[in-house]
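Please look over the sequence and the structure shown below.

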Amino acid sequence: MKCRACRGTVFQGSKTLGFFRKSRQTHARLNVPALVQVAALAIIMIRCLDLLMILNTLGARGIGEFIHRSVQTWNLTTVFLGSLMLVFIEIYCAFSLVKGRNWARWIYMLTQIIAASYLWAASLGYGYPELFSIAGGSKREIFQSLVMQKLPDMLVLCLLFIPASSRRFFRLQ
């Protein structure tokens, strides 16, 4: 005869060991390739280093003045909030890449196109060059500086799109 306390407990049908429960997955999960892990970590590290370099360059007083200048008009506020949104989207994409979300690499590429386009336009005098611009005497110098600034991001995109293991990982997820 069964005891009344044992009826309907978790011991029927599942195996538990203390707090851990043995899961029954019916499909195999593909391991995250090292190149995708490196790319996701690089995105996060690049953004964190960018923030630290800005804090170091401007200091606490400079950051306050920068934010104060950024919120003086609606256009500047939009550009400032848009740039913050791009950074948050990039970091979210980094975490989604490790989960195998194919859309994350495409969104990350789109954010890079938007950022590079705005930097290029602002440096040439369109938009608001006092906030985001690259110094240079000619279009060629500005373009070379832009490419050097975006080189780490371009390398991350190469890690996500070029190797066969990366493409296969996103295709199978």
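On a 1 Å grid over the protein atoms alone, a pocket is an open set of points where a 1.4 Å probe fits, with protein on both sides within 12 Å along at least five of seven lines, and its lining residues have an atom within 4 Å of a point. This is a predicted model, in which local features need pLDDT of at least 70 and side-chain atom pairs count only at pLDDT 80 or more, while totals for chains, interfaces and linings use all residues. Residues are numbered from 1 along each chain as its sequence is written, and side-chain values use heavy atoms, with hydrogens and water left out.

Which residues lie nearest the centre of the largest pocket? They are Asp50, Ile54, Ser83, Val87 and Phe132, out of a lining of 38 residues. The lining divides into 26 nonpolar, five polar and seven charged residues; here Ala, Val, Leu, Ile, Met, Phe, Trp, Tyr, Cys and Pro count as nonpolar, Asp, Glu, Lys and Arg as charged, and the others, Gly among them, as polar. Helix H1 supplies the largest share of this lining, 15 residues.

The protein has five helices and two strands, in the order β-β-α-α-α-α-α along the sequence. Both kinds of element are DSSP runs numbered from the N terminus: helices are H or I with at least four residues, and strands are E with at least two.

Of the 173 residues, 27% count as buried, that is, under 20% relative accessible area, with exposed meaning over 50% and partly exposed in between (1.4 Å probe, protein chains only). A nonpolar core is a set of buried Ala, Val, Leu, Ile, Met, Phe, Trp, Tyr and Cys residues joined through side-chain atoms within 4.5 Å. The largest such core has 17 residues, and Ile43, Leu97, Tyr108, Val156, Leu160 and Phe170 touch the most other members. The elements giving two or more residues to this core are H1 (34-70), H2 (74-98), H3 (102-123), H4 (139-161) and H5 (164-172). H1 gives the largest share of the core, six residues.

Leaving aside neighbours within four places in sequence, Phe170 is in contact (heavy atoms within 4.5 Å) with Val36, Leu97, Gly100, Arg101, Asn102, Arg105 and Leu160.

Tyr118 is found in helix H3. Is Tyr118 buried or partly exposed? Tyr118 counts as partly exposed because its relative accessible area is 26%. The C-alpha atoms of Tyr118 and Val79 are separated by 9.7 Å, although these residues are 39 apart along the chain.
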